Amino acid sequence: MKPIHFALLATLVLALTTIKPSHAEDAKPDADGFISLFDGKTLDGWDGNPDLWSVQDGCITGQTTKEHPINPNTFLIYKNDTPGDFELHAMFKLRNHNSGIQYRSKVIDAKKWIVGGYQADMDGNNTYTGICYEERGRGIICPRGKKVTLVEGSAKPVIDGQNADDKEILAAVKKGDWNQYVIIAKGNHLIQKLNGIVTADITDNDPKKASARGVIALQLHAGEPMLVQFKDIKIKKLD
């Protein structure tokens, strides 16, 4: 039996007793069953380019500049879960250009923080705000305000109806201010709400391309310098 090196043992015990759990491990559900994905202070649980992502004024902040342009799009990826059926709430404020919230998405290149999948979209000109865009996939899979079905062998959605018109949706958007996205994913049915209005209602019936679970991620878009912020990000599992 080898002798115990008490100095080393004491160091290990001290290290283990001072390790703090991650925010995700420590988070408790609120009265409605939601768990926060962001502690308001750090990017604990998230992974992205540290030159582009930070916490400012209690918000997740993504920023590109003329000195630090990006190409291709890059993402801040939530590392601690790949949720399937859930309801996600998030507040966002977009100064300009284009961003979005990825869900049930696949990490394509972890080193470059590239993902692909469903995205609740937003842009400074509100041309795409509210749509569902499939990054590195089928493109726009639900135009703004529509109810659609996706079928095997076609990238073009079948329009089944309309939940709200452009004027109603755009009137509810607070340009340059805080807006709320709610994303509900259950089975092959996906719903996106923007400030309480349903802007995308999708039934994905393509077994080869539909995604049942995956990561949540926040986008910085290639192109002009931009700034986007997120806060109050929380999720409730439905499965």
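Start by selecting Trp 46 and Ile 101, which touch the most other members of the largest nonpolar core, a set of 43 residues. A nonpolar core here is a set of buried Ala, Val, Leu, Ile, Met, Phe, Trp, Tyr and Cys residues joined through side-chain atoms within 4.5 Å, where buried means under 20% relative accessible area, exposed over 50% and partly exposed in between, with a 1.4 Å probe and protein chains only. This is a predicted model, in which local features need pLDDT of at least 70 and side-chain atom pairs count only at pLDDT 80 or more, while totals for chains, interfaces and linings use all residues. Residues are numbered from 1 along each chain as its sequence is written, and side-chain values use heavy atoms, with hydrogens and water left out.

Keep Trp 46 selected and display its surroundings: leaving out residues up to four places away in sequence, Trp 46 touches Leu 37, Phe 38, Ile 60, Leu 76, Ile 77, Tyr 78, Lys 79, Ile 216, Leu 218 and Ile 233, contact meaning heavy atoms within 4.5 Å. In soluble globular proteins, nonpolar side chains tend to be buried together.

Next select Asn 71 and Pro 72, which are joined by a cis peptide bond with omega of about 10°. Pro 72 sits in the loop between β4 (59-64) and β5 (74-78); helices (H or I, at least four residues) and strands (E, at least two) are DSSP runs, numbered from the N terminus.

Two arginines come next. Arg 104, in strand β7 (residues 98-109), has a positive phi of about 50° although it is not a glycine, and Arg 104 counts as buried because its relative accessibility is 2%. Arg 136, in the loop between β9 (132-135) and β10 (139-142), also is not a glycine and has a positive phi, of about 55°, but Arg 136 is exposed, with a relative accessible area of 52%.

Finish at Thr 129, in the loop between β8 (114-123) and β9, which is buried at a relative accessible area of 2%. The side chain of Thr 129 reaches the backbone nitrogen of Asp 123 at 3.0 Å, and a polar contact of 2.8 Å joins the side chains of Thr 129 and Asn 126. A polar contact is a pair of N or O atoms within 3.5 Å; within protein, one must be able to donate a hydrogen and the other to accept it, and residues adjacent in sequence count only if both atoms are side-chain atoms. Beyond its neighbours within four places in sequence, Thr 129 is in contact with residues including Arg 144, Val 173, Tyr 181 and Leu 194.
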